[in-house]
Amino acid sequence: MVEVERVRYSDTSEREKIREMIKARKEKEKEKSSETESSVTNCPECGSRNLEQDYERAELVCSECGLVIDTDLVDEGPEWRAFDHDQRMKRSRVGAPMTYTIHDKGLSTMIDWRNRDSYGKSISSKNRAQLYRLRKWQRRIRVSNATERNLAFALSELDRMASALGLPRTVRETAAVVYRKAVDKNLIRGRSIEGVAAAALYAACRQCSVPRTLDEIGEVSRVSRKEIGRTYRFISRELSLKLMPTSPIDYVPRFCSGLKLKGEVQSKGVEILRQASEKELTSGRGPTGVAAAAIYIASILCGERRTQREVADVAGVTEVTIRNRYKELSEELDIEIIL
């Protein structure tokens, strides 16, 4: 009995030692990971956050002082190279990324409309009838209930309006997320799908600092400007969307490109608007009118004169608005304009 007790005692002591060793090893690994995480965020030598990952040398390098912070990096990218879009699509082993602009988030399968197999060979006429039936049932089962049918129609409408306005991909994704939140909170009932989709697109434009006016969205949608504004106010209140007022500076690049003005005029217009905002000349006034007046002044000062009619057509305001705003800006900012 004594020998058995000694053996048991020795077994328990060895187990405790092993457990302590495992704990110590885990603590060391945590310390190492915390050290690497802290070193990755900023440079320990100069404190800079401009770090570059050089995968050819497998090093993490500070772009300011050139210090090598970490070595033996693992390249998480593909092992193949592609020199054009076709090669990239052929060599890629995954599908398209998940997107909110499709009702099923792009996760379902799609049967191609071309009657060819994966090798590019044409499918025989014997199997084409079966493929036609598969396509038909695939389209049917992608939309299973009323909510998905609503989403499918609304998101296609969103994509149509965004394409007509020339909006980037980020705005489309944001608009789709806003519309999905409205569907989840049952805010669509009693309102038109087109109106809620247009309001979601307007909110997304303001969130992404790519502003479009209600008139511009009303032109590409099938809903009136008044209904879009009313639906937008309702959605922003129910979804607690905290959107700042649109700044006139956000409109300057688009108006300048529409007028075919140089970058010098654009930077001058932004400078005028910043001076005006410091003196609180932009508050209480329409951002498009103030931006158009600043561009009109900048075009005269930089020697690329545009008429008030041309600026008004691009900005979507009247000549009277530009005349009133540019007089206010020139008087308050002491800008001499020689007409």
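What is the volume of the largest pocket? It is about 280 Å³, in a predicted model where local features need pLDDT of at least 70, side-chain atom pairs count only at pLDDT 80 or more, and totals for chains, interfaces and linings use all residues. Residues are numbered from 1 along each chain as its sequence is written, and side-chain values use heavy atoms, leaving out hydrogens and water.

**View 1. The largest pocket and its lining.** A pocket here is an open set of points on a 1 Å grid, where a 1.4 Å probe fits, with protein on both sides within 12 Å along at least five of seven lines; lining residues have an atom within 4 Å of a point. Of the 18 lining residues, T213, L214, D215, Y251 and T288 are the closest to the centre. Helix α7 (214-220) gives two or more residues, as do α6 (193-207) and α11 (287-301) (helices are DSSP runs of H or I, at least four residues). The most come from α7, with 4 residues.

**View 2. E173 on helix α5.** Look for E173 within residues 169-184, which form α5. E173 counts as buried because its relative accessibility is 19% (buried means under 20%, with a 1.4 Å probe and protein chains only). Beyond neighbours within four places in sequence, E173 is in contact with T99, Y100 and T101 (contact means heavy atoms within 4.5 Å). A polar atom of the E173 side chain lies 3.1 Å from the backbone nitrogen of Y100.

**View 3. The buried residues of α9.** In helix α9 (residues 252-259), V252, F255, C256 and L259 are buried. Their cover includes α10 (263-278), α11 and α12 (308-315).

Technical notes: Buried means under 20% relative accessible area, exposed over 50%, partly exposed in between (1.4 Å probe, protein chains only). A polar contact is a pair of N or O atoms within 3.5 Å; within protein, one must be able to donate a hydrogen and the other to accept it, and residues adjacent in sequence count only if both atoms are side-chain atoms. Grid points are joined across faces, edges and corners, and a volume is the space filled by probe spheres set on the points.
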